[in-house]
Amino acid sequence: MAGENQHQTLRKSIAAHQPAAPAQVPPTPTPHQQLAPAAAPTAGSRTSIAERVTLKKEIGLISACAIIIGNIIGSGIFISPKGVLEHTGSVGLALIIWVLGGGISALGSLCYAELGVTIPKSGGDYSYVTEIFGGLAGFLLLWSAVLIMYPTSLAVIALTFSNYVLQPVFPNCIPPYNASRVLSMVCLFLLTWVNSSSVRWATRIQDIFTAGKLLALGLIITVGFVQIFQGNYEELLPSNAFNFWMTPSVGHLALAFLQGSFAFSGWNFLNYVTEELVDPRRNLPRAIFISIPLVTFVYTFTNIAYFTAMSPQELLSSNAVAVTFGEKLLGYFSWVMPVSVALSTFGGINGYLFTSSRLCFSGAREGHLPSLLAMIHVKRCTPIPALLVCCLATVVIMLVGDTYTLINYVSFINYLCYGVTIIGLIVLRWKKPKAFRPIKVNLVVPITYLIFWAFLLIFSFYSEPVVCGIGLIIILTGVPVFFLGVYWKNKPKCVYRITESLTYWGQKVCFVVYPQGGPPEEDDIPFTHSPLSGSEKSLKK
């Protein structure tokens, strides 16, 4: 009976969406896939509006800050200090790179704040690039993100989580390959289930684990200050801090900055869930302005704390800097550090799943991915198909890919996407000068960011031509996929029949439908009403 009732509810939900399909839905949808246009609300329709099947605005300012901070603070600050120090050749220059990394991230986040409130759509970089440069550019970004960028990042964070959890079980050796993979997948499946069940649960987990990360780093900083008050700051004295054991070249500085940038990656993730933010035009910039300076402060003082307990040589010889720090200073409580790293990465997995699934959702809504991924659960209002795709893609990468080699390509692709998006801000200023912009940064901000971006990109090509070349090839493989899957409209009827059958089957299995249109809120009003040219319309489809 429960199964019959569920199917009846699904059929009723699908039937309610029959008259017309929205413009974003791929061509030739069948009746069970279609949506009704939004009707103007009336006094008698308040109940139906409250019960509308749509993404809910459940992310407040605190949860928004937790998403940014939780995604930035993953495993990077516990691991990356070694890479930054190795390429700079001195303690003082390493600390300058950390501060500079936070400054550049702040410049980038200011640009994303303007884009986020000017184009108030979920999807982040993808939505902005699609809106500004057209469908092909947006699809290439989406293709590289869904195919390799986010699954690989998720796989690395999940494997880091399992390695730290298993460390007490295998204290004198690396955890077995199979044990590490199994635990990583259990963690991934658990968080996929949580995100599928409730947006509120997912954001609460993010809030709790972000607080845990900050407490762990706060402990490191507090112990560091105690060390300084006890006179243990020899490595921080200017005469020692700038005592170079090697002379860094421009290429070394670029590599050091890339290592620091890895620890700051994730500062743009709140833009992926704009449509689920409460009052996004106020809370998006507020969350960015709170989170980025806080993370920069925490990162800088965490590194200062490391150098109160370890010499540069000790730090370079450590595979897990935070664990070595704990072993030297925390004594019996040294177990706190590996537990903190594990909890930090657990929260990072949750944040990546939450935001990357919204990227898939946005791509499907624009017609660039299968339409099933643009559907949400009829009761829980969560994008279950998109979450399952993110989870399964990560499992595939984890099982068949050389994850730590792929992360090199991911870093290059990720950084390339940042620059292209911020170039889009300048292009949008030129194309739509009169568009409504609640926040408008000085052009010095994106230009300064792009100077650093170009510098790093040039030296990345110079120092790692193979890695950068393969990264470009991965992006360009999306070109034929775009023209075959998106641009080509007159496909054989059998192709449409197969996709329609698979979509309907997926709807019944996941109990999902398209989100229902509702009365437009002020935050959801498009940034411009000027019509697109015919060529832009065809490319965006």
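Which residue forms a salt bridge with E131, and how far apart are the closest N and O atoms? The partner is K121, and the closest N and O atoms are 3.5 Å apart. Keep in mind that this is a predicted model, where local features need pLDDT of at least 70 and side-chain atom pairs count only at pLDDT 80 or more, while totals for chains, interfaces and linings use all residues. Residues are numbered from 1 along each chain as its sequence is written, and side-chain values use heavy atoms, with hydrogens and water left out.

**Salt bridges**

- A salt bridge here means a side-chain nitrogen of Lys or Arg within 4 Å of a carboxyl oxygen of Asp or Glu. By this rule the count comes to nine salt bridges.
- Back to that opening pair: E131 and K121 form a salt bridge. It links distant parts of the chain, with E131 in helix α7 (residues 125-133) and K121 in the loop between α6 and α7, ten residues apart. Helices are DSSP runs (H or I, at least four residues), numbered from the N terminus.
- E131 has a relative accessible area of 17%, so it is buried. The labels work like this: buried is under 20% relative accessible area, exposed is over 50%, and partly exposed is in between (1.4 Å probe, protein chains only).
- R437 and E114 also meet through their side chains in a salt bridge (3.5 Å, N to O). R437 lies in the loop between α18 and α19 (444-463) and E114 in helix α6 (residues 91-118), so this pair ties together parts that are 323 residues apart in sequence.
- Both R437 and E114 are buried, and a network of salt bridges links E114, R429 and R437.
- Inside helix α10, D207 and R204 sit three residues apart, about one turn of the helix, and their side chains meet in a salt bridge (3.6 Å, N to O). D207 counts as buried at 18% relative accessibility, whereas R204 counts as partly exposed at 39%.

**Aromatic rings**

- Rings of Phe, Tyr and Trp (its six-membered ring) pair up if their centres lie within 6.5 Å; planes under 30 degrees apart count as stacked, over 60 as edge-to-face, and the rest as tilted. The structure holds 27 aromatic pairs.
- Take F225 and F229: their ring centres are 6.4 Å apart and their planes are at 25°, so the pair is stacked. They are four residues apart in helix α10 (residues 199-229), which puts about one helical turn between them.
- F225 is partly exposed at 34% relative accessible area, while F229 is exposed at 72%.
- The rings of Y415 and Y418 have centres 6.2 Å apart and planes at 65°, so this pair is edge-to-face. Both residues lie in helix α18 (residues 403-431), and both are buried.
- Y415 and Y418 belong to one aromatic cluster with Y112, Y128 and W267.

**A helix tucked inside**

- Six of the eight residues of helix α5 (residues 81-88) are buried, so the rest of the structure largely encloses it.
- Those buried residues are P81, G83, V84, L85, H87 and T88.

**Out in the open**

- Y332 is found in the loop between α15 (321-329) and α16 (336-365), and it counts as exposed at 70% relative accessibility.

Methods: Helices (H or I, at least four residues) and strands (E, at least two) are DSSP runs, numbered from the N terminus.
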